[in-house]
Protein chains: 2
Amino acid sequence: MTAATTGPVRVVGTGLLGASVGLALRGHGVDVVLSDPSRTALALARDVGAGRPAAADDDEPTLIVVAAPPDVAAQVVAVELAAHPDAVVTDLASVKGHVLDELRAVGADLTRYVGSHPMAGRERSGPSAAVPDLFLGRPWVIADSGSSRPESVLAVRSLAVDLGAVPVAMDASAHDEAVALVSHVPQVVASLAAARLQDADDAALGLAGQGLRDVTRIAASDPALWTSILAANAGAVHAVLVAVRSDLDAVIGALAGADAASGPEDVAPGLLATIAQTVARGNAGVARIPGKHGGAQREYTLVTVLVPDTPGELARLLTDVGEAGVNLEDLHLEHAAGRPVGMAQIAVLPGSAEHLEAELTARGWRLVS
Amino acid sequence: MTAATTGPVRVVGTGLLGASVGLALRGHGVDVVLSDPSRTALALARDVGAGRPAAADDDEPTLIVVAAPPDVAAQVVAVELAAHPDAVVTDLASVKGHVLDELRAVGADLTRYVGSHPMAGRERSGPSAAVPDLFLGRPWVIADSGSSRPESVLAVRSLAVDLGAVPVAMDASAHDEAVALVSHVPQVVASLAAARLQDADDAALGLAGQGLRDVTRIAASDPALWTSILAANAGAVHAVLVAVRSDLDAVIGALAGADAASGPEDVAPGLLATIAQTVARGNAGVARIPGKHGGAQREYTLVTVLVPDTPGELARLLTDVGEAGVNLEDLHLEHAAGRPVGMAQIAVLPGSAEHLEAELTARGWRLVS
């Protein structure tokens with residue numbers, strides 16, 4: 001595939017994101033010039049093939065990608081806009097409003113600036129974790145500055161497409177409100193639930209099931225990174241958390257009433273309804289999350305199979321699923337406490353479940369469904 | 001395997017749990033007598049092989065399993081204790097303290113009562129969803145009444161073991177505090193986060209990633225069931241949620257301060273530390289959740305592979321993993337927005353990752369790791 005992006009592209013900040021951008025562009029044969037305040041990060045990025053270090057006699061870049069932490073992104077963008085008066089500049093920071101505000105405050109040339117945010121990441125960080133496929137299939141928000149020239153927007157959009165991402169146009173404040181809802185608030189909520197486990201008995205933790213694991217998985221995230229993200233998007237996150245607190249207050253009040261009552265019929269009117277409505281509103285919210293491949297959420301039927309925890313068993317199961325002619329839409333593994341066995345939940349189209357169950361049973365699998 | 005449990009066992013309440021208990025015991029050749037106020041549920045349970053309906057000339061049961069909803073469990077247990085003066089009675093309700101309190105209040109014979117709670121369930125409910133393996137490998141809490149005779153405790157413990165579960169001794173209040181922490185509060189928190197998505201823009205929801213899906217998955221649970229569970233465990237859930245609210249208040253206060261500041265250096269002292277500590281406490285909490293198979297949490301290395309979304313590809317990948325001689329410890333599938341491709345995250349022991357990556361690359365797989 002030929003890239004629409006033409007070089008030289010200057011990448012400022014050669015951590016995971018910047019080095020991955022460089023790697024992907026180099027794969028398209030685009031000339032990539034790298035810059036980073038850390039000489040080690042710069043050398044590493046060069047060594048993984050993300051581009052070449054900037055030199056005094058470089059040609060002027062056409063596009064500059066600033067992949068700096070959210071709290072310094074605006075300053076770096078302003079410096080780059082001033083130093084390269086013909087280049088389009090974008091940044092990849094995960095919060096967009098405060099970058100734009102700072103640029104406006106210093107009078108930066110916003111006709112050549114377009115904010116962006118690829119919704120991609122990894123557990124590992126740094127240039128050695130860079131991979132050219134990092135952005136493949138991910139939404140990449142393109143945030144017009146309000147003064148961006150159309151050709152500036154097109155250059156950043158082309159970059160996203162060249163890297164295999166799906167560009168999504170959204171202004172900075174809409175972006176920040178969106179990520180508050182779908183990323184930042186879930187992070188806080190997961191941290192709050194996980195924090196309660198700190199002082200729990202081992203016996204209590206031994207009752208943990210998949211629900212707890214799912215709710216708290218992202219609570220393992222890096223505190224320093226998340227402090228800078230949450231602080232940079234403080235306004236939008238604050239607004240959503242205030243609404244969460246209001247709902248939480250209602251539940252706490254209802255539970256206090258239920259605790260004081262001698263039985264369900266003795267609970268003050270409306271309190272049980274408050275609890276039921278909280279769960280029902282959660283039902284309605286989770287139903288709005290788009291399904292696989294960004295399409296509308298589809299209803300799959302789950303077929304649950306017991307899988308011995310020995311090498312090759314899961315592969316044998318999935319081979320049998322394939323030979324049954326059924327397309328596996330999703331797969332979830334759950335492990336049984338204290339036993340060398342797991343349950344594989346296979347999501348299939350509703351019309352295929354019965355056939356699959358019959359085929360798997362015939363091949364000796366034990367179904368829990 | 002021969003069952004330690006001898007019949008007749010009387011199962012009162014033939015929904016998912018009761019019918020699954022019956023099915024599993026019938027599989028061991030134990031005589032199971034069924035009772036349910038719903039004639040349809042009773043007939044269905046009989047038809048799936050969970051046992052036979054109670055008749056006037058039945059032998060007296062040795063063990064009675066009450067699988068009734070939490071808000072009626074105590075009444076049913078009291079009736080069964082009185083009607084069968086030689087039988088041991090247990091109930092499977094997911095909250096134990098209020099059942100015991102009610103039994104004490106009516107002067108029930110607590111020497112023959114032992115509360116229990118198998119940590120098992122399914123998305124589907126009712127006797128037609130019953131499966132004998134429902135309890136396999138699951139923790140099954142055995143809650144001595146404080147007056148239970150040792151032989152009563154042994155009978156219920158034997159039932160759990162016969163059904164393949166892992167018995168865990170815990171008194172009623174310790175159980176209720178434990179499930180508040182590991183199950184009920186995560187449910188509320190997931191519902192609160194999901195509820196915020198109700199009125200979100202479609203564009204915002206289009207940015208949803210795996211983190212949001214994980215945090216909110218259990219928010220799809222049944223409101224009526226969860227209202228009865230939360231109301232029955234109101235005291236313990238209330239206490240944990242009050243602590244969550246206290247942490248939430250601190251975060252909200254810190255974000256208000258950060259939002260008012262012109263930059264990180266302008267944020268009032270301590271506010272950023274509050275945010276960082278919230279995330280760090282979440283780190284500490286999530287690290288305490290036991291890992292796979294109930295053992296200590298182990299560190300696995302993730303190998304991420306691009307998998308085309310066509311039938312058989314995942315099976316082919318796992319076959320290749322097996323042929324590489326590497327044991328797959330866990331598997332997580334993630335789908336790429338708008339593209340027919342997914343990422344399979346394969347968790348392996350750290351020492352195996354490099355070998356696996358080399359083998360998979362040699363077999364033509366594209367790694368994102």
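Which rotation, with what shift along its axis, superposes chain A on chain B? I found a rotation of 180 degrees with 0.0 Å of shift, at an RMSD of 0.1 Å; the copies were superposed by least squares on the C-alpha atoms of residues with pLDDT of at least 70 in both. That is the relation of a two-fold axis. I then looked for the residue of chain A that comes closest to the rotation axis, which is A:Val215, at 2.0 Å (C-alpha).

I note that this is a predicted model, in which local features need pLDDT of at least 70, side-chain atom pairs count only at pLDDT 80 or more, and totals for chains, interfaces and linings use all residues. Residues are numbered from 1 along each chain as its sequence is written, while chains are lettered from A and ligands numbered from 1 in the order in which they are written.

Next, the interface. I find 119 residues of chain A in contact with 119 residues of chain B (C-beta atoms, placed from the backbone, within 7 Å). Helix H10 (residues 234-260) of chain A gives the most to this side of chain A, with 18 residues; helices (H or I, at least four residues) and strands (E, at least two) are DSSP runs, numbered from the N terminus. Of the interface residues of chain A, 100% are also interface residues in chain B, so the copies meet through the same surface.

Last, the sheet. I traced an open sheet of eight strands in chain A, ordered E3-E2-E1-E4-E5-E6-E7-E8, with mixed pairing (at least two DSSP bridges between two strands). Strands E3 (52-53) and E8 (166-169) of chain A stand at the edges, each with a single partner strand.

Conventions:
Contact = placed C-beta atoms within 7 Å.
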